[in-house]
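Q: I would like to go through this structure with you. Could we start with how the packing of helices is described?

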Amino acid sequence: MDNENLKNIITSVIPECEFSADESQFLNVIVKPEEFRKLAEFLRYDPETQMDYLFCMTAIDWTTHFFTIYHLTSSLKNFTVVIKVKITDRENPNIDTVCDIWKTAEFHEREVYDLFGIKFNNHPDLRRILLEDDWVGYPLRKDYKDEINIVEL
Amino acid sequence: MNFNIYDFTEFVNSIKLWLNSVLPPAAADIAGFVIIGICFLTFIVILGLSLVYIERKVCAFFQQRLGPMRVGFWGTAQTIADIIKLVFKEPLISKGSDKFLFNLAAFIVIIAPFMAIAAVPFAKGLHVLDFDIGLFFITAISSIGVTGILLAGWSSNNKYSLIGAMRSGAQIVSYELSVILSLLTIIVLTGSLQLSVIVESQRDGWWIFKGNIPAIIAFFIFIIASTAESNRGPFDMAEAESELTAGFHTEYSGIKFAFFFLAEYINLFIIAAVGATVFFGGWMPLHIGNFEFFNNIMDFIPPIIWFFGKIAAIIFLIMWFKWTFPRLRIDQLLTLEWKYLLPINLINLLLMALVALSGWHL
Amino acid sequence: MTEQELITNIETAPETQEYFINMGPQHPSTHGVLRLLLTLDGEIIKKVEPHLGYIHRSIEKMCEKDSYQQIVHLTDRMDYLSCHMNNEAVCLCVENGLQLEIPERVKVIRTIISELTRLSSHQLWWGVMGMDLGAITTFLYGFRDRELITDIFEETCGARLTMNYNVPGGVMFDIHPNFQKRTKDFITYFRKKLPEYDELLTGNVIFTERTKDIGYLSKEDAISYGVTGPSGRASGFACDVRKRFPYSAYDRVEFKEIIYTEGDCFARYKARIDEMWESMKIIEQLIDNIPEGEHKAKTKAVIKLPEGEYYQRVETARGELGVYIVSDNKKSPYRVKFRSPGFSNLSALDTMARGNKIADLVATMSTLDLVIPDIDR
Amino acid sequence: MGLKNYISDIYNGVKSLITGMKVTGHYFTHPGEIVTQQYPENRDTLKMFERFRGEVVLIHDENNMHKCTGCSACELACPNGSIEIISGKEIDPETGKSTKIIDTFVYHLSMCTFCNLCILSCPTDAIKMAQGFEHSVFDRSKLTKVLNKPGSKIMPGIK
């Protein structure tokens, strides 16, 4: 299946999604947080896609909004899709968890929560994973300031 | 004073006579106790230190290393340096531990092999406790040590220690059976539990050769079971440093830790001594039936060398096990005992009885 | 009574009480500062809860300040046992972004050194695996053979562990004149020594009893948890990046992707042992055919990646390492994410260890081959 | 059948154990294969490989001349800030022009990760990695080193 087909399938589920420029490495889909869960479930369980392997999950802070980024592939079929969820709420960013669909997301979501402060609704155990529990702030946000620990060279 | 390295009876008697001549009888007895006690203390310390050194060297050679090389010639003074360090270390007692039992445990662990070593026949006449239940006494006393291990694990107030102690309890209780049954196999032939009688009965050949196949099987079971009983690898469940950090002696430091360490090696010595006495004729030189010429040559080597040579061989074998095999899991350990060693042992005992009845042994 | 029935019996017994044990951060078999909070019933594990971050060094944050050349040396400190592959991942990602043509010689050199690194990592793992199970001698034998590889590295790359041999565009130095000879000598030597590993551990009855049917991970779980590398392939998950997305010179060598379907500790053990044989095969194919040429493509002193996102994956000794670079056309990246294999592999530990004993947890952990700096980053 | 399995289990188990013991036994009886190096004793014969990265040194020739122009390219290339170059000015007596020279080349060994990036960035090959690896000291401040020797000058002709 090529990217065109994949685009069609995804559009049939989520009509309002955006696709990124063609020259990027993988097919990029940008969706809203409310629709993300639906798309994830579809891609995982639909017999045509069967995206059972979430090989990378992270987030980016674009100062005005966040992207949570899911790199998905299938162990049975050879295609990859990157779902980007645009979260515009900086004060209280939240998104549905997918850790019941891909179990690896449990740790990765905790990491994203830890470093970006994005909350995952219905996550069974959302705590900081790398930093201490009483850490203040979310270090990978671009507006994070730490005068003691960050040394500017 | 008549000194004979082949027979210590006269030597010991002359000391006794001399003591009696210079002291009143009660005082002479007490003086005798003190002398023996001091001898054993020195012996145990030297034995412990040298066994630690030997173990480290043997282990190093198995692993293509050189082992300790710095202190003294080829590192010979290394263990002395270690013990000095341990003596000067602070004896830590963790908060929340039962202090009395915590201290007591270390002593119980060291006392058990201390008492057992008294019954070991070193050479003809060089034998402190030679009574008719000698073998029974050794096996009974040396299992007191497990009380110390259990106490140590419980009183440390540390979960790792407790797990280690419980494992060790289950292990020693089970393997005690195999040790005793494998020794019983030979007792069928000797008809006595007295160690001097057992040694004497091997004047024309060691039981491992005379006792036919059952004796060989019994010896292997004995080696396995006694390794397990002394908590050494591959049966070091109680310590299991990669699982339980250090098991029952996690919380011990300084000289009390040294006690545990020393006790392990003295136990090793006692096990090897019992094995050597029962299966390899103790201090008895290698004799083949009525082959006089050969027997005379063998007799020329002093019995004390025979005895320590045999012990060294058995200890080496046990060390070889330890430095080759992975550790068993606790349930596998018990499976090995109850499903394999014990049934084999019982059948073997029957076989031996058959052999003894039919006179098939030499 | 089967073991399962025994476990249920214990579970239903009214007087037993679950208790917690902290395994780590200072524990001999967590291989670093990993803390596992175990919920135990007697010796049976009810739950494993990993607590990470004891050596979190915020490498991803540091990358946002560093130039692309400087990022490479930070990745050495992630999975220090497969440092070359980590470097290679970043370099490939940057080269990919720059559309840089890499000399053939560089590709071959990188592949050989990658495979040597994999060998050395697996040798260390083998030694440590034996030690975790109580056979300390294996540790020394593993290190003995590994020493020869580190010597090769030291001669060519200048360091034994954190080599930093890759730079964007190529490798830092050309190979040392002795490199080929030493590598060939090593392969001949190690072909003799590897059967010894089997004799010591693989066939050993105690070892097989300790590892067979322990720490089972199904294929579905392996994929869902993203368990990759030899651990994933032992569960039947064909995830070898070298086969699926060949990079460097992997498209021109023949090797087998080791796949076992048992999914237990022994399968993971066997997968790594077999991988050592395959690595040696790859090196043998390439060592005599290193093409002539430059050891480095020309790059600018200040590298600026064009705006965009770049994802590159490589197969490290522990599994699939992903490097995700988002660039905004400055001298340092906007965001770097390292998808480290250990992090995902560790997340499956709970599933694998439940219902087993503490001793099995140790075996399971050592077959997962965790490197803590890789997990914490 | 059960009994047969039982016995073959025991036989195979014992056999595998003996195979393992053979391996360790082989090494025990072949002390010639011991790989231990006794480090402080073998200092005289211990030679590091020429590419080994032990510490950064500034190359001085026999006339106490070095090639560092003080351009601080290495300072910029260093990811950890382990190099600090404090430069001064020198007035050429013949032409009267002032040129930039190094005053002190400070090297913090405690921060160095031996990544070799400074060496690669140096335009005049003034610094190199030396093979010394015995860096342990009792006082941390001793790890901060000044690499240019006192009274050293820049080699003529290096720009």
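A: A term is needed before the helices are discussed: an axis is a line fitted to C-alpha atoms, for helices over the stretch in contact, and angles run from 0 to 180 degrees between N-to-C directions. Please keep in mind that this is a predicted model.

Q: With that settled, at what angle do the axes of α3(C) and α4(C) cross, and within what distance do they come?
A: Helix α3 (residues 68–75) and helix α4 of chain C cross at roughly 155 degrees, and their axes come within 8 Å. Angles over 145 degrees count as roughly antiparallel. The helices α3(C) and α4(C) are therefore roughly antiparallel to each other.

Q: And is the crossing of α3(C) and α4(C) left-handed or right-handed?
A: It is a right-handed crossing.

Q: Which residues make the contact?
A: From α3(C) come C:Tyr68, C:Ile71, C:Val72 and C:Thr75.

Q: How many of the contact residues of α3(C) with α4(C) are nonpolar, polar and charged?
A: Six are nonpolar and three are polar, while no charged residue takes part.

Q: What else does α4(C) lie across?
A: Helix α4 (residues 83–98) of chain C also lies across β6 and β7 of chain C. Relative to β6(C), the helix runs at about 145 degrees.

Q: Then let us turn to those strands. What is the strand order of the open sheet in chain C?
A: The order is β6-β7-β8, an open sheet of three strands with antiparallel pairing. Strands β6 (308–315) and β8 (335–339) of chain C each have a single partner strand and stand at the edges, so one side of each is left without a neighbour in the sheet.

Q: How many degrees are neighbouring strands of this sheet turned against each other on average?
A: The average is 10 degrees, with direction ignored.

Q: And over how many bridges do β6(C) and β7(C) pair?
A: Strand β7 (residues 320–327) of chain C pairs with β6(C) over eight bridges, in the antiparallel sense. Within chain C, C:Val314 stands opposite C:Leu321, the latter in β7(C).

Q: Changing topic: how many helices and strands does chain C have?
A: Chain C has 16 helices and eight strands. The radius of gyration of chain C is 21 Å, close to the 21 Å that the globule rule gives for 377 residues, so chain C is as compact as a globular protein of that length. Taken along the principal axes, the C-alpha atoms of chain C fill a box of roughly 70 × 50 × 35 Å.

Q: What about chain B: how many helices and strands are there?
A: Chain B has 15 helices and zero strands. Along the principal axes, the C-alpha trace of chain B spans about 65 × 55 × 45 Å.

Q: Finally, in what order do the elements of chain A run?
A: From the N terminus on, the order in chain A is α-β-β-α-β-β-β-β-α-β, with three helices and seven strands. The C-alpha trace of chain A spans about 50 × 30 × 25 Å along its principal axes.

Key: Residues are numbered from 1 along each chain as its sequence is written. Chains are lettered from A and ligands numbered from 1 in the order in which they are written. This is a predicted model: local features need pLDDT of at least 70, side-chain atom pairs count only at pLDDT 80 or more; totals for chains, interfaces and linings use all residues. Two strands pair if DSSP finds at least two bridges between them. Helices (H or I, at least four residues) and strands (E, at least two) are DSSP runs, numbered from the N terminus. Two residues are in contact if their C-beta atoms, placed from the backbone, lie within 7 Å. Angles under 35 degrees count as roughly parallel, over 145 as roughly antiparallel, 65 to 115 as roughly perpendicular and the rest as oblique. A crossing is left-handed if the near helix is turned anticlockwise from the far one by less than a right angle, and right-handed if clockwise. Ala, Val, Leu, Ile, Met, Phe, Trp, Tyr, Cys and Pro count as nonpolar, Asp, Glu, Lys and Arg as charged, and the others, Gly among them, as polar. The radius of gyration is taken over C-alpha atoms; the globule rule is 2.2 Å times the number of residues to the power 0.38.
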